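Please look over the sequence and the model shown below before reading on.

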Amino acid sequence: MSGEQIMDEEFDMDLEYLRMMFPGLSNDSVLDVYMANNGDLEATIDMLNQLEMYTVESSDTLPDTLDIGDISESISSANCGTLKLKNVAGETGASSSGSTESAVTS
């Protein structure tokens, strides 16, 4: 057996082990974390455990249902976001000799 074949076999075994340990995660997610850790199995397990704990903690704070509430709140939030974008665009578009206030308020 060549060194490359041994590495491929180890890679496959590590991924299969990770898939068994973390059945709730997609194969792509497991592979991405494994590759991000340069094939370090222990570091991958630690990171996936943290990811799994974070996901569980986050889901505890989410509501069971989504109550949209008053539509006008959504619209005012959207408008606020638009104003922020205009503000940033106005600042970048203003010349160094011009006033940024006139660009923001227009």
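**Briefing on the predicted model**

Apart from neighbours within four places in sequence, Asn37 is in contact (heavy atoms within 4.5 Å) with Ala43, Thr44 and Met47. This is a predicted model, in which local features need pLDDT of at least 70 and side-chain atom pairs count only at pLDDT 80 or more, while totals for chains, interfaces and linings use all residues. Residues are numbered from 1 along each chain as its sequence is written, and side-chain values use heavy atoms, with hydrogens and water left out.

**Overall architecture**

- The secondary structure of the protein comes to five helices and zero strands, where helices (H or I, at least four residues) and strands (E, at least two) are DSSP runs numbered from the N terminus.
- Read from the N terminus on, the elements follow the order α-α-α-α-α.
- Of the 106 residues in the protein, 11% are buried, the classes being buried under 20% relative accessible area, exposed over 50% and partly exposed in between, with a 1.4 Å probe and protein chains only.
- The accessible surface comes to about 8,500 Å², and 56% of this surface belongs to carbon and sulfur atoms; accessible areas come from the Shrake-Rupley method with a 1.4 Å probe, and for residues only the protein chains shown count as cover.
- Among the contacts with a separation of 6 or more, 32% are accounted for by residues 24 or more positions apart.

- The largest nonpolar core has eight residues in all, namely Leu15, Leu18, Phe22, Val30, Val33, Tyr34, Ile45 and Leu48; a nonpolar core is a set of buried Ala, Val, Leu, Ile, Met, Phe, Trp, Tyr and Cys residues joined through side-chain atoms within 4.5 Å.
- Helices H1, H2 and H3 each supply at least two residues of this core, and H2 gives the most, with three residues.
- In soluble globular proteins, nonpolar side chains tend to be buried together.
- Within H2, the residues Val30, Val33 and Tyr34 are buried, and because the buried residues of H2 fall within an arc of 100° when seen down its axis, they line one face of the helix; the arc is that of the directions from the helix axis to the C-beta atoms.
- On the other side of H2, Asp28, Asp32 and Ala36 are exposed.
- Not counting residues up to four places away in sequence, Tyr34 touches Phe11, Asp14, Leu15, Leu18, Gly39, Asp40, Leu41 and Thr44.

**The loop between H2 and H3**

- Asn37 is found in the loop between H2 and H3 and counts as buried at 15% relative accessibility.
- Asn38, found in the loop between helix H2 (27-36) and helix H3 (41-61), is exposed, with a relative accessible area of 72%.
- Although it is not a glycine, Asn38 has a positive phi of about 55°.
- Most residues other than glycine have a negative phi.

**Positions in helix H3**

- Thr44 has its place in helix H3 and is buried, with a relative accessible area of 0%.
- Neighbours within four places in sequence aside, Thr44 is in contact with Leu18, Val33, Tyr34 and Asn37; Thr44 and Leu31, which are 13 residues apart in sequence, are 9.4 Å apart in space, C-alpha to C-alpha.
- Leu41 also has its place in helix H3 and counts as partly exposed at 24% relative accessibility.
- With neighbours within four places in sequence left aside, Leu41 is in contact with Asp14, Tyr17, Leu18 and Tyr34, while the C-alpha atoms of Leu41 and Phe11, 30 residues apart along the chain, are separated by 9.5 Å.

- The structure holds one salt bridge, defined as a side-chain nitrogen of Lys or Arg within 4 Å of a carboxyl oxygen of Asp or Glu.
- This salt bridge joins Arg19 and Glu16, the closest N and O atoms being 3.7 Å apart.
- Arg19 and Glu16 are three residues apart in helix H1, so they are separated by about one helical turn.
- Arg19 counts as partly exposed at 30% relative accessibility, and Glu16 is partly exposed with a relative accessible area of 41%.
- Tyr17, Met20 and Met21 make a nonpolar surface patch of about 300 Å²; patches are made of residues with over 30% relative accessible area and no salt bridge, like charges being joined within 9 Å and nonpolar side chains (Val, Leu, Ile, Met, Phe, Trp, Tyr) within 5 Å.
- Met21 lies in helix H1 (residues 3-21) and is partly exposed, with a relative accessible area of 32%.
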